[in-house]
Amino acid sequence: MTSEIMKKFHEVAADPRAQMDKYIAEGKKVVLAAPVYTPEELIHSMGFVPMGVWGADTEIDRAKEYCPAFLCSIVQSILELGIKGAYDGASAIVIPSLCDTLKTLGENWKYAVKDIPFIPMTYPQNRKPEYGIRFTKAGYERVAKDLEAAGGKFDNAALAASNEIYNKHNAAMRKLDEVLAEHAEITAAERSDIYKSAFFMTKEEHTALVEELISEIEKNEKTAAELPVVVSGILTDAPALNEIFDGLGFSIVADDVAAQSRQYRTDVPAGDDAMYALAEKFAAMDNCSVLYNQEKPRVDWIVETAKAREAKGVIIVMTKFCDPEEFDYVMIKKACEKAGIPVTQVEIDRQMTRFEQVRTNLETFKDLLSM
Amino acid sequence: MAEEVKKAPRPVDPNSAKYKLGKIAGDAYVNAIEAKKQGKPVAWVSSNFPVEIPETLGIATVYPENQAAGIAARGAGERMCDVAEAEGYSNDICAYARVSLAYAKLKECPEQDVAMPDVLLCCNNICNCMIKWYENLAQELNIPMIILDIPFNPDYEVGQAIIDYVGAQFWDAVHQLEDLFNIKWDDKKFEEVTGFSCRSSKAWLAATGEAHWTPSPFNGFDLLNHMAVMVTARGKEEAAEAMETLLKEYKENHEKGVSTFREEEKYRIMFEGIACWPYLRATSKGLKSRGINMVTTIYADAFGFDYSSFDEMIAAYCSVPNAINLEKARDKRIKLCKDDSVEGLLVHTNRSCKLWSGFMPEMSRQIGEACGIPVASFDGDQADPRNFSEAQYDTRVQGLMEIMEANK
């Protein structure tokens, strides 16, 4: 049974276009949700299927007409896929401008992919004071207005219902994170499929499947990890990377990955004004390289999580040219070293075809942890 | 063999704009060091943070971007970047940030020492990289950081929501500083400061606008030096006076038929991007030797902080070059190119600046098309000398020149 559910996660994760075609064939409209935090609840409430776009492992060719080589390959590959028609049929793309490279993605998108309207989402960094929450709400109102132009309809009650659906999914994903930490039989590749597929399914479908998986896994005896690690970074979905994790026997007991657990840490609070409540969710979010935090609690979060989950080490998976992560890395490294937690960094890229350097680095790290 | 005799630098007239502007820029560093000695608060401030706040509150300021540019221009960019990289900072990170984080560790650099800060004033209307850089400074130096968040504006106009948001933060920042240093905001002083800031900006815009004359009464590379005062001191009376002197000199240059561009002006270009500080001489010489005058840059427009109300001031800070969408950024450049009879666009693809360079290929295509001018780009960096090749620069400039010649 577990293997059947895993198969489904894998199929969805490996072929998002098939999912998109399926939804469109069902008469649904798809809106693309770019990294890092897009108000999927709002898109969902307005009658669209939100589908995550985090690029793909592909050669960058046409996007070079727009992007200098030193922009991250996530953004470049999103643009590449857009230009080449991989997202054809989408009603719009929502791109939040939480890092400098994402700002440029929206601007380039307008000219490179004219058939799919660009909807900007402007978030505040001073997101916690009342004036910050109001500004977030104003950003959501603008997104809603643009989504109405794309055929959607805003309704407060519908958003409240979508907020609930997303909170339920968050809860399932948090529970999954706890369960996976105690079940080392689930591989890194499988773990990646579960998280990645969440971007390509409606949250109702994904929640049901995750809950089913959890109940199946919990029927098994807990299996202790031999090499428990915490993984941190923006994206860890490269099959070659997960193959190395699994081949070397690393078990991911917790992640601080933007495309994985960072998505599910914060719920929308209750409130009569559903859009204001959604803005309050953003205000409550922390522990991420693209969200301003003077005290950098993310660093402590990683150290404390590694301790709590009894991880033997921390692996930083650095997406090449991601400067928000590169700044945080120095602080994470120092904090881990201070806490006596071994830490290593491997650099990955959407265009990478040879992972030998990553393998060598992780082999050495494994030797270090096994001493 | 005769020894090479170095020419003594020409004495600078103390009544000239060059002298006045150089003195203001230099004094800013000295004044902050003096303030520190006296136990007064010193802030490290990002370049487009509203100067009206520290100036009104009497907080001494240091601008790390200016410091990094100075260090790079004096040849120490790589040495400082090496220090940051040894700490674990990737060489992908903005070189200004690497130089600054290295300085925070070493607390000295003979090429440009500065007073160490008691607070960090961060504004991200230039880039979000600034937030990460200042977060790390705050951690490394264990001092408070105040962020005035001005998000990238995807729309052409500045809407009321962003003005309300930034306006609220303005006063929040003021109150935080009052509490931190037990100082008081003075509305009268604020009014004075805004008056000087507007005077400086008006004079700067008018002075740079003198480039509409052919030949231009100035060498555009002058602006790269003079803008330091617009960054650091535009809210001071002496800055307003010095900028007015600059305007007067450019007008006089035109009347006398002279220019600070000391070659025959054969071609007029717009230079796009931050200066390549480690190779300022090489980049300048490559143009000058061909009779190419860089008559304008977006900096000519960047410091137009001329406003008549609080909301207009906030809107001006929301409209700085890196905070605006492609269309608005493009139209500002097209206007400069047309006003100043520009014949070619030379783009610095700055390895340090993802935001500035990230939609430049598309924008420069549109500018070239709208103005009917050729566009050439070269790879470089604002402070890390390892990312520039003089041979590539030379080839690209030569190519640009040949097309400009063919277009004549």
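Some ground rules come first. This is a predicted model, in which local features need pLDDT of at least 70 and side-chain atom pairs count only at pLDDT 80 or more, while totals for chains, interfaces and linings use all residues. Residues are numbered from 1 along each chain as its sequence is written, chains are lettered from A and ligands numbered from 1 in the order in which they are written, and side-chain values use heavy atoms, with hydrogens and water left out.

Start where the chains meet. Contact means heavy atoms within 4.5 Å. The size of an interface is often given as the accessible area lost when the parts come together. Between chain A and chain B, the buried area is about 4,100 Å². Carbon and sulfur atoms give 59% of that area. Buried area is the accessible area (1.4 Å probe) that two parts lose on being put together, summed over both. On the chain A side, A:F70, A:Y131 and A:F327 lose the most area to chain B. Together they make up 17% of what that side buries.

Now turn to chain A. Four of its strands form an open sheet with parallel pairing, in the order 6-5-7-8. Helices (H or I, at least four residues) and strands (E, at least two) are DSSP runs, numbered from the N terminus. Two strands pair if DSSP finds at least two bridges between them. The edges are strand 6 (250-257) and strand 8 (343-348) of chain A, and each pairs on one side only. Neighbouring strands of this sheet are turned by 25° against each other on average, direction ignored. Axes are lines fitted to C-alpha atoms, for helices over the stretch in contact, and angles run from 0 to 180 degrees between N-to-C directions.

Look inside that sheet. Strand 5 (residues 227-233) of chain A runs parallel to strand 6 of chain A, and seven bridges join the two. One residue pair shows the link: A:V230 has A:A254 in strand 6 of chain A as its bridge partner. Helices pack on this sheet. Helix 13 (residues 323-338) of chain A touches strand 5, strand 7 (313-319) and strand 8 of chain A. The direction of helix 13 makes about 170° with that of strand 7 of chain A. Helix 14 (residues 356-370) of chain A touches strands 5, 6, 7 and 8 of chain A. Its direction makes about 165° with that of strand 8 of chain A.

Chain B has an open sheet too. Its four strands are parallel and follow the order 6-5-7-8. Strand 6 (292-297) and strand 8 (375-380) of chain B stand at the edges with a single partner strand each, so one side of each has no neighbour in the sheet. The twist averages 30° from one strand to the next. Four bridges join strand 5 (residues 267-272) of chain B to strand 7 (residues 344-350) of chain B. Helix 17 (residues 390-407) of chain B packs on the sheet and touches strands 5, 6, 7 and 8 of chain B.

Buried means under 20% relative accessible area, exposed over 50%, partly exposed in between (1.4 Å probe, protein chains only). From this strand, B:G344, B:L346, B:H348 and B:N350 point one way, and B:L345, B:V347 and B:T349 the other way. B:F271 stands opposite B:L346. In strand 8 of chain B, B:A376 is the bridge partner of B:L346.

Beyond four places in sequence, A:W109 touches residues including A:L79, A:Y87, A:I95 and A:F118.

Two residues of chain B close the tour. B:S197 is found in helix 8 (residues 187-209) of chain B. B:S197 counts as buried because its relative accessibility is 0%. Its side chain makes a polar contact of 3.3 Å with that of B:E52. A polar contact is a pair of N or O atoms within 3.5 Å; within protein, one must be able to donate a hydrogen and the other to accept it, and residues adjacent in sequence count only if both atoms are side-chain atoms. B:N15 lies before helix 1 (17-37) of chain B. B:N15 is exposed, because its relative accessible area is 59%.
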